[in-house]
Amino acid sequence: MAANLNEKSPDGILLIDKQEGKSSFDAVRMIRKILNCKKTGHAGTLDPFATGLLVILLGQGTKLSSHIMGGKKKYRAEISLGAETDTCDPTGSVIKEMPVPDFDAEKLEEVLKSFTGVIEQVPPAYSALKINGQRAYKLARKGIEVEMKKREVTVYSIDIVDIAAPLITVDVICSAGTYIRSLAVDIGRKLNTAAHLKNLRRLSSGLFSVEKALKQKDLEENGAETLLKSILPLSEALPEMKKIILDDGLAGRVKNGYRPSWDELIREKEMPDIFHGHVKMIHNSNLVAIAEIEKTESMEHNWLKKVKVFN
């Protein structure tokens, strides 16, 4: 059952466990239909073959996209050794086959360790990155070869979950922008064989976990009422971000576009010890704004660089 068209569209975040074979936009479209929420998006795409946590942004929540997408991601990846595909995943055509050499857990750990820290990786040709204004995967489907430039990403850890050659399963914690498909191919090459990513499941994004997500296949059965109860309010969307509690007067002025001075902020009773970065402004448990703070050594030049208001 869809939400009443006369009701105000909800603002907030929904955690969805995306099912295999569906695109991220399929989940967005389903939520939009059930909740009659026109302004809907997601914070980080999952390929159709992948499953796991998809953070859906509703209404004013779409303004949080850049903050949520920038968080650490945790994935469980199943890597198939012995064959490389043109898409680096199970949806593509095999372009290379190689025997899988013998290796043990110690050897695999050594290889995985070489991919931790700040590393360079080449994004897959079949990716959503734009090349001269066009999506790379669209060019690849047309048979147009393009040079994918290396980019720096951070892999915080790779832990072995299981070894059942030719399959290995690992848990990866990485920065936003990391391509697990590319990582799978590179791990295979380091093991002197070919490889592709067979399965991928996103376990977490920032402080959000798939364990608390609604199953995508159950969305329509849940109905609007269940979905509305599951929406996280904007004030809880960034639990790791420090907050400032505003009084009635200052909250009203900020909502109307007023940019408070540093002196006004430090008078607040719950002003956090923050001098650089982002802080959220809260009033009566509601998110009023997110501000970027830059505090210089000179007390006369402390200011808010940017203020993003939530109405």
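## Asp89 in its loop

In this predicted model, where local features need pLDDT of at least 70 and side-chain atom pairs count only at pLDDT 80 or more, Asp89 is found in the loop that runs between strand S5 (83-85) and strand S6 (94-97), strands being DSSP runs of E with at least two residues, numbered from the N terminus. Residues are numbered from 1 along each chain as its sequence is written, and side-chain values use heavy atoms, without hydrogens and water.

Asp89 has a relative accessible area of 4% and therefore counts as buried (under 20% relative accessible area, with a 1.4 Å probe and protein chains only). Its side chain makes a polar contact of 2.5 Å with the side chain of Thr91, a polar contact being a pair of N or O atoms within 3.5 Å, of which, within protein, one must be able to donate a hydrogen and the other to accept it, while residues adjacent in sequence count only if both atoms are side-chain atoms. Apart from neighbours within four places in sequence, Asp89 is in contact (heavy atoms within 4.5 Å) with Phe49, Arg181, His196 and Leu197.

## Lys280 in strand S16

Lys280 belongs to strand S16 (residues 276-283). The side chain of Lys280 reaches the backbone oxygen of Leu238 at 2.8 Å, and a polar atom of this side chain lies 3.0 Å from the backbone oxygen of Ser235. Beyond neighbours within four places in sequence, the contacts of Lys280 include Pro239, Met241 and Ile244.

## Charges over rings

The charged end of Lys190 sits over the ring of Phe115, 5.5 Å from its centre, where such a placement requires NZ of Lys or CZ of Arg within 6 Å of the ring centre and within 35 degrees of the ring normal. Arg253 lies over the face of Tyr258, at 5.1 Å from the ring centre.

Terms used: Helices (H or I, at least four residues) and strands (E, at least two) are DSSP runs, numbered from the N terminus. Buried means under 20% relative accessible area, exposed over 50%, partly exposed in between (1.4 Å probe, protein chains only).
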